Amino acid sequence: MNKQKRILVTGAGGFIGHHLVKRLKADGYWVRGVDIKRPEYEASAADEFEVLDLRKIESCLLATRGGIDEVYNLAADMGGIGYITANHADISRNNILINAHMLEASRQNGVKRFLFSSSACVYNQAMQKNPDVKPLKEEDAYPADPEPGYGWEKLFAEELCRYYYKDYGFETRIVRFHNVYGPLGTYDGGKEKAPAAISRKVALAANGAEIEIWGDGEQTRSFMYVDDCVEGLTRIMASDYRDALNLGTDELVTINGLVDMVSGIAGKRLVKRHNLTGPQGVRGRNSDNTLLRKVLGWEPSIRLEQGLAVTYKWIASQVKKPVQQSELVSAR
Ligand SMILES: NC(=O)c1ccc[n+]([C@@H]2O[C@H](COP(=O)([O-])OP(=O)(O)OC[C@H]3O[C@@H](n4cnc5c(N)ncnc54)[C@H](O)[C@@H]3O)[C@@H](O)[C@H]2O)c1
């Protein structure tokens, strides 16, 4: 019988990492989860969960000890567009340290495969100036002009993965996520992304009330439900493809459209108030899945409305807590 595969998930206290640990456990693997914090909304399914600061090489060596076969490196200092726009220095420094140290510790400890979670923020900004943007192909990351801070450090860490394969033969996989959403993700506090923030605002608003939208709402994105994300991660890890791959949907929607969809799910009619000074990121962004389909014979398929219904229900149940009352007032 094959030895049970031993897997490390970093960022296991976070949104995608927590879902991935559950999936890997359901698939029968031995899993160690590591994060600087524990999961917020439910206990981890990992066999071992260790709280470590992965900016430090000693912590990365501890995390990768004991014959780990595969590492999913999801730990990162990150958040929605407001957070990543306001914290270029901290995000870049923290994530460069995490990624460089996790790669080196994994190599030293004989890890067989290492997956790095990159982002659609690596793409050249000049190609994302229109809402009806052409879907981004993997090659559109160069010539480089990524999102300041977060996009640059992700792009550099992708390069670092390539150097580790070239110089050491260390097997790396690179995944560029496009906007992942779902239950058990951050929905308040400043690090939340658009689907969670909008779901929270809609849940807190009374029928007929006003809700604030950053920008004119005509900016576009595509969004991937977390179950598709986790499925794609395990498939990419198992594949032989070493270069960067998009992992997202190509169901493009405006932020106004997203608000309408969530309001419809909630059964509320709301008035959108556009805050034109709010950060909104690139004007349009979509994922071209041609290469993903070719490499995996698969692509994310859960429709936005279907995933949002589950996500909204979870966020609406969370915001019933008393601490949210002040927002209820301001949302009116
Ligand atoms: N969610 C998305 O839409 C999206 C899009 C593009 C890329 N990504 C990438 O996917 C990965 C997972 O994202 P997520 O949405 O689950 O974010 P998340 O913030 O929920 O999870 C990241 C986790 O990393 C942990 N972390 C931060 N600094 C750490 C440190 N010094 N040591 C140990 N752990 C640390 C955080 O505590 C957090 O739990 C990240 O690398 C992120 O950049 C996510």
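Predicted model: local features only at pLDDT ≥ 70, side-chain atom pairs only at ≥ 80, totals over all residues.
Let me start with the domains. The domain assignment divides the protein chain into domain 1, made of 6-180 together with 225-247, and domain 2, made of 182-222, 251-284 and 303-331. Between the C-alpha centres of domain 1 and domain 2 there is a distance of 26 Å, and the contact draws 23 residues from domain 1 and 23 residues from domain 2. On the side of domain 1 that touches domain 2, helix H1 (15-26) and helix H3 (81-86) each supply at least two residues, and H3 gives the most, with four residues. If we sort that side of domain 1 by class, we find nine nonpolar, eleven polar and three charged residues.

Now to helix H8, residues 255-266. With twelve residues at 1.5 Å a residue, H8 should span 16 Å, and because its end C-alpha atoms are 16 Å apart, the model agrees with that expectation.

Which residues of H8 are buried? They are Ile255, Leu258, Val259, Val262 and Ser263, and, seen down the axis of H8, these buried residues fall within an arc of 135°, so they line one face of the helix. As for what covers the buried residues of H8, the list includes helix H6 (194-204) and helix H10 (304-318), along with the strands E8 (210-214), E12 (252-254) and E13 (271-275).

Finally, if you follow the chain just past the end of H8, you come to glycine 267, which takes a positive phi of about 70°.

How values were computed. Residues numbered from 1 in each chain as written. Domains from an automatic or database assignment. Contact = placed C-beta atoms within 7 Å. Nonpolar A, V, L, I, M, F, W, Y, C, P; charged D, E, K, R; others polar. Expected span 1.5 Å × (residues − 1). Buried ≥ 20, exposed ≤ 12 C-beta atoms within 10 Å, placed from the backbone. Arc of directions from axis to C-beta.
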